Amino acid sequence: WSTIFLQKWRHNSQQLIHGWNSTFNRFETGDEQLVRRPLFRDRSFTDSLSVETERKLFKYFITYPIIGFCLLFIFGVMIAVFRFQLQFMNSFLSLFYIAFYIGDMDKLQEQLATLLITRQVIGNIKESIVPFVWESY
């Protein structure tokens with residue numbers, strides 16, 4: 001099986017050499033030294049300092065901004081959820097208190113009607129009077 005593998009390897013190498021228009025063939029010359037192609041750029045021939053610089057640039061200009069954006073997004077979501085919870089507590093805590101702690105259904109009905117009518121009136125004022133006043137001045 002090793003003979004078949006080596007023959008396939010050499011055949012594949014010959015195809016690549018022919019496809020790349022390269023005249024160097026390590027198997028024909030028997031030379032283990034590799035001839036460098038003039039247009040080939042390998043990282044092993046470049047400065048190791050440039051690789052470090054590239055990594056630092058990637059870290060500072062791509063990684064850290066993405067992490068910062070994600071943290072800001074999560075912070076914004078946390079603030080939005082906190083505001084929702086606070087608004088919910090301010091609006092409906094009295095209803096839960098009346099319904100489950102006191103147990104007075106007449107007072108609960110009165111409180112619920114007051115809350116709903118007040119919200120409807122405030123919503124109508126925001127939709128009609130505020131734009132009218134804004135356009136007038």
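Visitor: In which helix do phenylalanine 5 and tryptophan 9 both lie, and how many residues apart are they?

Guide: Both lie in helix 1 (residues 2-19), 4 residues apart, or about one turn of the helix. Helices here are DSSP runs of H or I with at least four residues, numbered from the N terminus. The model is predicted: local features need pLDDT of at least 70 and side-chain atom pairs pLDDT 80 or more, while totals for chains, interfaces and linings use all residues. Residues are numbered from 1 along each chain as its sequence is written, and side-chain values use heavy atoms, leaving out hydrogens and water.

A search of the whole structure gives 7 aromatic pairs. Rings of Phe, Tyr and Trp (its six-membered ring) pair if their centres lie within 6.5 Å; planes under 30 degrees apart are stacked, over 60 edge-to-face, and the rest tilted. The rings of phenylalanine 5 and tryptophan 9 have centres 6.0 Å apart and planes at 40°, so this pair is tilted. Phenylalanine 5 is partly exposed, at 47% relative accessible area, and tryptophan 9 is partly exposed at 48%. Buried means under 20% relative accessible area, exposed over 50%, and partly exposed in between (1.4 Å probe, protein chains only).

Tyrosine 97 and tyrosine 101 form a stacked pair, 5.3 Å centre to centre with 25° between the planes. They sit 4 residues apart in helix 3, about one helical turn. Tyrosine 97 is partly exposed at 44%, whereas tyrosine 101 is exposed at 65%. Ring pairs also link Phe84, Phe88, Phe92, Phe96 and Phe100 into a cluster.

Technical notes
Helices (H or I, at least four residues) and strands (E, at least two) are DSSP runs, numbered from the N terminus.
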